[in-house]
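Please look over the protein chain displayed here and read the report that goes with it.

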Amino acid sequence: MSSFDDIYEKILQYPTIIIHRHTSPDPDAIGSQAGLARSLSEKFPEKKILCAGENDEGDLAWINHMDEVKAADYKGALVITTDTANTPRISNKLYDQGDFLIKIDHHPDVDPYADMSYVDPDAPAACQIIVDFINKENLPMNKEIAYPLYAGLVGDTGRFMYPETSAHTFEVAAELAATGINITEIARRLSDVTFEQAKLQAMVLENMTVKDGAAYAVLTQDDLKKLGVNYEQTSVAVSTPGRIKDILAWNLFVQKPDGTFRVHYRSKGPVINQLAEKHDGGGHALASGANAKDMDEVKQIFDELVDVTKKYKEEHE
């Protein structure tokens, strides 16, 4: 793994830096991308710093907007990806058209696709890594930089509830809060849902199947149309089954416009990222994503989750 100093040396060498994050982004993806871009722009006003993506921020557009990035911008450019474990999830497929590619991430490095990488699976959020990088290299930090970073940190730690949260995470949060950002506003924006999204959460609970501590629910395109909710807005329902006391692990299957399914894995204990890797996915031990081509694969995925959850319960009884 490369060091922060190695990455900084590369940044110094390039007049154009294009930063990518993953598709269907969460707060950590947008926040780490935006925080790094804003700090570099402040430090190097003569450089062209761009945030690349497919304008799929959805309800998270308040964190940051994407720049208009053209194919010509990649000529002789440094490309950096944040919070993106594998190449299929990189938003904007021009990422490999630059001169050099750097990966900064906190997911297990199952796809070491970059020329240089800094991957720390023990970090609860890519935003925490970006703050550490900023501090190590004495880059600027102010309210505008801290705002997206704090949003990403809160989002990916589940409001500091997930197991990777450490004492250092709270130190980073305190540093960001000390810039004067409105942490109450950020917390409210992260928790706010529309009335349609609230009904979606209720639909997930109503249609949920539970077996041996595992649960799943399926949201079809017809369900989304009925409620007036788009694909990106379904992210608010991913954590909904976890509010039930006796559920240890769960899947939420969201049908895409092409009929396939985006699979969300979440867990309170059973390790599920290895299950996700079997289905064109991956992620953290307790939070991962994958894909299913049809309802047969949906059933297979849930059967696998039930098996893992049953074993976990037997080992911890």
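This is a predicted model: local features need pLDDT of at least 70, side-chain atom pairs count only at pLDDT 80 or more; totals for chains, interfaces and linings use all residues.

Residues are numbered from 1 along each chain as its sequence is written, and side-chain values use heavy atoms, with hydrogens and water left out.

**The chain as a whole**

The protein chain has 10 helices and 11 strands, where helices (H or I, at least four residues) and strands (E, at least two) are DSSP runs numbered from the N terminus. Its C-alpha trace spans about 55 × 40 × 40 Å along the principal axes. For 317 residues a compact globule would have a radius of gyration near 20 Å, and the 19 Å of the protein chain agrees with that; the radius is taken over C-alpha atoms, and the globule rule is 2.2 Å times the number of residues to the power 0.38. Of the 317 residues, 54% count as buried, meaning under 20% relative accessible area, with exposed being over 50% and partly exposed in between (1.4 Å probe, protein chains only). Among contacts (heavy atoms within 4.5 Å) between residues at least 6 apart in sequence, 63% join residues at least 24 apart.

**The parallel sheet**

Five strands form an open sheet in the order β2-β1-β3-β4-β5, with parallel pairing; two strands pair if DSSP finds at least two bridges between them. Strands β2 (48-52) and β5 (116-119) stand at the edges with a single partner strand each, so one side of each is left without a neighbour in the sheet. From one strand to the next the twist averages 15 degrees.

| Strand pair | Bridges | Residues opposite each other |
|---|---|---|
| β1 and β2 | 5 bridges | H20 and A52 |
| β4 and β5 | 4 bridges | I104 and Y118 |

In strand β4, 6 of the 6 residues are buried, so β4 is largely enclosed by the rest of the structure. F100, I102 and I104 point one way from β4, while L101, K103 and D105 point the other way, and all are buried. Helix α1 (residues 4-13) lies across β1, β3 (78-82), β4 (100-105) and β5, and runs at about 135 degrees to β5; axes are lines fitted to C-alpha atoms, for helices over the stretch in contact, and angles run from 0 to 180 degrees between N-to-C directions.

**The mixed sheet**

Six strands form a second open sheet in the order β6-β7-β8-β9-β11-β10, and here the pairing is mixed. Strands β6 (209-211) and β10 (282-283) stand at the edges, each with a single partner strand, so one side of each lacks a neighbour in the sheet. Within this sheet, β9 (residues 261-267) and β11 (residues 287-292) pair in the antiparallel sense over 6 bridges, and Y265 stands opposite S288 in β11. Helix α7 (residues 195-207) packs on the sheet, touching β6, β7 (214-219) and β8 (249-255), and its direction makes about 125 degrees with that of β7. Helix α10 (residues 295-316) lies across β6, β7, β8, β9 and β11, running at about 160 degrees to β7.

**Helix α2**

Helix α2 (residues 27-43) has 17 residues and reaches 24 Å from its first C-alpha to its last, close to the expected 24 Å, a span given by 1.5 Å times one less than its number of residues. Because 13 of the 17 residues of α2 are buried, this helix is largely enclosed by the rest of the structure.
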